[in-house]
Amino acid sequence: MSNTTVKSAAAEHELVAAAASGDFASFKRESEPLLTRLHRFFHRYPTAAPAIVLLMAVLVFSTLIGDRFLHPFNLSLIVQQVTIIGILGIAQTLIILTAGIDLSVGAIMVLTSVIMGRFGVEYGLSPILALGFGLFAGALAGYINGLLVTFFRLPPFIVTLGTWNIFFALNLWYSGSQTIRSQAIDAAAPILHWTGQSIELLGARFTYGSLMMLVLFAIVWYALNWTAWGRHVYATGDDPAAARLAGIRTDRILRSVYIVAGFFCAVAAWALIGRIGSVSPQAGMMANLDSITAVVIGGCSLFGGRGSIFGTLLGALVVGVFRNGLALSGVDVLWQDFTVGLLIIIAVGLDQWIRKV
Amino acid sequence: MTTENQKLVLKATQLVKRYGHVTAIDGADFELREGEILAVIGDNGAGKSSLIKALSGALVPDAGEILLDGAPVQFKSPMDARKAGIETVYQNLAVAPSLNIADNLYLGREKLKPGILGKVFKMLDRKAMHEEAKAKLAELGLLTIQNIHQAVETLSGGQRQGVAVARSAAFAKHVVIMDEPTAALGVKESRRVLNLIRDVRDRGLSVVLISHNMPHVFEVADRIHIHRLGKRVAVIKPDTHSMSDAVAIMTGAMDPNEHPAGAFAA
């Protein structure tokens, strides 16, 4: 390498650069095409898309169906119907924000509902203790997932595909495939039905379960946006290597996320018992996929680090409104599934577009 | 400018790191003086990354000693080094793209609200963090980044590098280590970052600059540490050696002791 030519060449091109305007970091807002502005808007407010879809769905169904749809009773019914998926959606959102996925949420929910039921009804344990033990079992199940993901470095998809089957099998074994009847629960552990009781607000009936869901969303929103833990969850999902270099113990964050997710699955189990009355080892078979649907329609990126917890609530409501509205319109059930499928694909397509900077 | 008897901020003696049969650091020495920019250059595979990792806590050496301000230190993780006042700007920029600038500046060392909100509810003091982030960017002449709430991914490469440098400069008490800070940047942006590196030095911090870009190294470095085959073979100054001398020593084409200024000219 010839030293002088390198040096002079460098000096020359840098002189040229210095002569150019110095404002390399300026942000000029020129008139941009509508699409660019739209892109910037969605990039900034990822919850806007599901909110708009929800609003449009409500408008369309209320003009098509009218009062029957807008009746407070029907609207509160929709909220009741999305309660379980909503709570599981919280768990799923946390996992997906870390760029993972949890296929076992439904299985954890069913397993913990059986644990709550058997501990409360068959062992004659104090109902509060039965509930607490169920919640603990959920957190433990989540911890097992988290350990497999962080300690053995297995992909979350595979880990939870495995534990989905394992937890579901344990659930069948532990329950003996027997349903615990509603009357037995009422007699021995009525607290498990608390989530199904309702109060009247503004002419609509809300179950404690659905109110609890809203409170949980608020708590998780606070944790994600106003605590260091929340920032670390986003950073871990966004770029784990960068997060580690910034001093974040990403494995601990991941384990904590799986534990919290498992706990929320058990809370969903409580809501499930309140909703269906009995404890059935066959309940909630599709719940894991439904929770992913809610998260995806809510605008969370499956690649992690991007999304909002309220997006998931909106996503769950969008699914609930579409299913309810189509059912009231007298459309065949298969078109509900068709529509939900369409929404998923549109939501993921939109996310791909939004993520482009 | 540096003089011979200046205080050593960071010193390492006879560092060794082996990976199986491969010896990444083979009895390397290292000396960083107070308030200087020390460039570390070396061919690919010379082991300069391993050396830097050992100094920044990302790697624990098998043998050797590291002294910070004359006291022996043992870094088990990058956090240990950070706590001791050594900040590192990594080549791949340790920033979270979807978080905003202020969040990124405070990533891993968030401030909590005073009182019960912070203690019990662990509430972040966003306002204070944003205000301070703004002040810190302004100090480094980076206030052209107007919106501190902007996601880092919407910034250009130079601006992101600016955020990463600002973060380390803002929190470093002793040493800032920069790994290839101008590697992926355009000409203008490189210039800006080089000025930033000088600013950091002028604020009294010591800077370790790892770079392949000889013109950049010769422009900003006070001294140049040349690494070859896992150890330090020479320390030169931009005015004692030419760029081609440096490249020759680095690649083994020249024995540093045969240069008229000697292997340890600085």
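Biologist: Is the crossing of H14(A) and H15(A) left-handed or right-handed?

Modeller: The crossing of H14(A) and H15(A) is right-handed, and please keep in mind throughout that this is a predicted model.

Biologist: At what angle do helix H14 and helix H15 of chain A pack, and how far apart are their axes?

Modeller: Helix H14 of chain A, residues 287–297, packs against helix H15 of chain A, residues 309–328, at an angle of about 115 degrees, and the two axes are 7 Å apart. That angle makes H14(A) roughly perpendicular to H15(A).

Biologist: Which residues meet there?

Modeller: From H14(A) there are A:Thr293, A:Ala294, A:Val295, A:Val296 and A:Ile297, and these meet A:Thr312, A:Gly315, A:Ala316, A:Val318 and A:Val319 of H15(A). Sorted by class, the contact of H14(A) with H15(A) has seven nonpolar residues, three polar ones and no charged ones.

Biologist: And how do H6 and H8 of chain A pack?

Modeller: Helix H6 (residues 105–122) and helix H8 (residues 156–175) of chain A pack at about 20 degrees with their axes 8 Å apart, which makes H6(A) roughly parallel to H8(A). Their crossing is left-handed. On the H6(A) side the contact is made by A:Ala107, A:Ile108, A:Val110, A:Leu111 and A:Val114, while H8(A) contributes A:Trp164, A:Phe167, A:Phe168, A:Leu170, A:Asn171, A:Tyr174 and A:Ser175. Ten residues of this contact are nonpolar, two are polar and none is charged.

Biologist: Switching to H11 of chain A, why is it described as largely enclosed?

Modeller: Helix H11 of chain A spans residues 228–238, and nine of its eleven residues are buried, so the rest of the structure largely encloses it. The buried residues in H11(A) are A:Gly230, A:Arg231, A:His232, A:Val233, A:Tyr234, A:Ala235, A:Thr236, A:Gly237 and A:Asp238.

Biologist: What covers them?

Modeller: The cover of the buried residues of H11(A) includes helices H5 (72–97), H10 (208–226), H12 (240–245) and H13 (250–276) of chain A, together with helix H3 (101–105) of chain B.

Biologist: Where does UniProt put the transmembrane regions of chain A?

Modeller: The unreviewed UniProt entry places them at residues 47–65, 77–97, 128–148, 154–174, 206–224, 253–273, 294–322 and 334–354 of chain A. Over residues 47–65 of chain A the model is 95% helix and 0% strand, with the end C-alpha atoms 27 Å apart, and over residues 206–224 of chain A it is 89% helix and 11% strand, with the end C-alpha atoms 26 Å apart.

Biologist: What does chain A come to overall in helices and strands?

Modeller: Chain A has 16 helices and two strands, and its C-alpha atoms fill a box of roughly 90 × 55 × 35 Å along the principal axes. Of its 357 residues, 46% count as buried. Among contacts in chain A between residues at least 6 apart in sequence, 76% join residues at least 24 apart.

Biologist: Now chain B: what is the phi of B:Gln14, and where is that residue placed?

Modeller: B:Gln14 has a positive phi of about 50 degrees although it is not a glycine, and B:Gln14 lies in strand E1 (residues 8–19) of chain B. Its 14 C-beta neighbours inside 10 Å are why B:Gln14 counts as partly exposed.

Biologist: And B:Lys122, where is that one found?

Modeller: B:Lys122 is in the loop between helix H4 (116–119) and helix H5 (126–139) of chain B. B:Lys122, also not a glycine, has a positive phi of about 55 degrees, and with 17 C-beta neighbours inside 10 Å B:Lys122 counts as partly exposed.

How values were computed
Residues numbered from 1 in each chain as written. Chains lettered and ligands numbered in written order. Predicted model: local features only at pLDDT ≥ 70, side-chain atom pairs only at ≥ 80, totals over all residues. UniProt positions renumbered as here; feature names shortened; annotations may be inferred. Helix = DSSP H or I, 4+ residues; strand = E, 2+ residues; numbered from the N terminus. Buried ≥ 20, exposed ≤ 12 C-beta atoms within 10 Å, placed from the backbone. Contact = placed C-beta atoms within 7 Å. Axes fitted to C-alpha atoms, helices over the stretch in contact; angles between N-to-C directions. Parallel < 35°, antiparallel > 145°, perpendicular 65-115°, else oblique. Left-handed = near helix turned anticlockwise from the far one by under 90°. Nonpolar A, V, L, I, M, F, W, Y, C, P; charged D, E, K, R; others polar.
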